[in-house]
Amino acid sequence: EATIITENNKIVFISHRFAEYIGYSEDEILKMSPLDFIHPDFLTIAKKNMESCSETPYEIWAIRKDKSQFPALISPKMVKFEDRYIRITTIRDLTLEKQHIQRELLLTKTLEQSLESIVITDTEATIIYVNQKFCNLTGYTKEEAIGQNPNILQSGKHTKKFYESMWKTLTAGKEWQGEFQNKKKNGEIYWEKATITPILNKKGKIQSYLGIKEDITNQKKIEQNFKDTEIRSEEHTSELQSH
């Protein structure tokens, strides 16, 4: 964080970090107004804050010497010094935080618009996120699904060993791929092709599991119809040969 001290709205001290933030030399800054570094869209709130001696933090866009801009959090504090008051303001560059938020928003938007069902669980297999496709497919709302275990989808069509083998792979930090015959909220059975991946933290430990699942019910029906047709054809051929 950077620091600037003003008295009667005149700059009397700046930290070296503030000079780095803003791109001016310390001598140049001491000859300027604290409002000279604020984007015009935020001058009104900044002036109001200074004139009222408010100590409420607020966000602005600051302008550097090269005219580039960056988001900043302004945190002012009025301090009595001898027989007068000075204003000590800390400035935090929010660029990285804003970029992180933008990345999070972009990721969330991508997940929500995915044509595949997406489920994220914690290490205890508790659902912490589902996208809209999951809700559309299973019939569960986000509120109903979050906090539950994915076993709410179990149809009883898979053995205990099937799930034990899956979790053995995942807890070892390896990706698992396979097919589920699951059950929707209304009891309807459907097929999913799934890829489940352990998500590791910076220390290499598993912090969550990401499941990306594709509805392959229609594909399975086509395969079954094809098998049934083959069986009927073989039976018909066998009957003809017997005659």
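**View A. Make-up of the lining of the largest cavity.** In this predicted model, the lining of the largest cavity divides into 15 nonpolar, 3 polar and 1 charged residues. The lining comprises 19 residues. Ile4, Pro34, Ile38, Ile74 and Thr89 lie nearest the cavity centre.

**View B. The cavity and the elements around it.** The structure holds 1 cavity of 30 Å³ or more. About 250 Å³ of space lies in the largest cavity. Two or more lining residues come from each of strand 1, helix 1 (16-22), helix 3, strand 3, strand 4 and strand 5.

View C. 5 strands make up an open sheet, ordered 2-1-5-4-3. Their pairing is antiparallel. Strand 2 (10-14) and strand 3 (58-63) are the edge strands, and each pairs on one side only. From one strand to the next, the twist averages 35°.

**View D. Pairing of strand 1 with strand 5.** Strand 1 (residues 2-7) runs antiparallel to strand 5 (residues 84-93), and the two pair over 5 bridges. Thr3 has Thr90 of strand 5 as its bridge partner. In general, strands of a sheet pair through backbone hydrogen bonds.

**View E. Helix 3 on the sheet.** Helix 3 (residues 43-51) packs on the sheet. Helix 3 touches strand 3, strand 4 (69-81) and strand 5. The direction of helix 3 makes about 120° with that of strand 3.

View F. Helix 4 (residues 95-113) lies across strand 3, strand 4 and strand 5. Helix 4 runs at about 135° to strand 4.

Key. Residues are numbered from 1 along each chain as its sequence is written. This is a predicted model: local features need pLDDT of at least 70, side-chain atom pairs count only at pLDDT 80 or more; totals for chains, interfaces and linings use all residues. Side-chain values use heavy atoms; hydrogens and water are left out. Two strands pair if DSSP finds at least two bridges between them. Helices (H or I, at least four residues) and strands (E, at least two) are DSSP runs, numbered from the N terminus. Axes are lines fitted to C-alpha atoms, for helices over the stretch in contact, and angles run from 0 to 180 degrees between N-to-C directions. Contact means heavy atoms within 4.5 Å. On a 1 Å grid over the protein atoms alone, a cavity is a set of points where a 1.4 Å probe fits but cannot get out, and a pocket is an open set with protein on both sides within 12 Å along at least five of seven lines; lining residues have an atom within 4 Å of a point. Grid points are joined across faces, edges and corners, and a volume is the space filled by probe spheres set on the points. Ala, Val, Leu, Ile, Met, Phe, Trp, Tyr, Cys and Pro count as nonpolar, Asp, Glu, Lys and Arg as charged, and the others, Gly among them, as polar.
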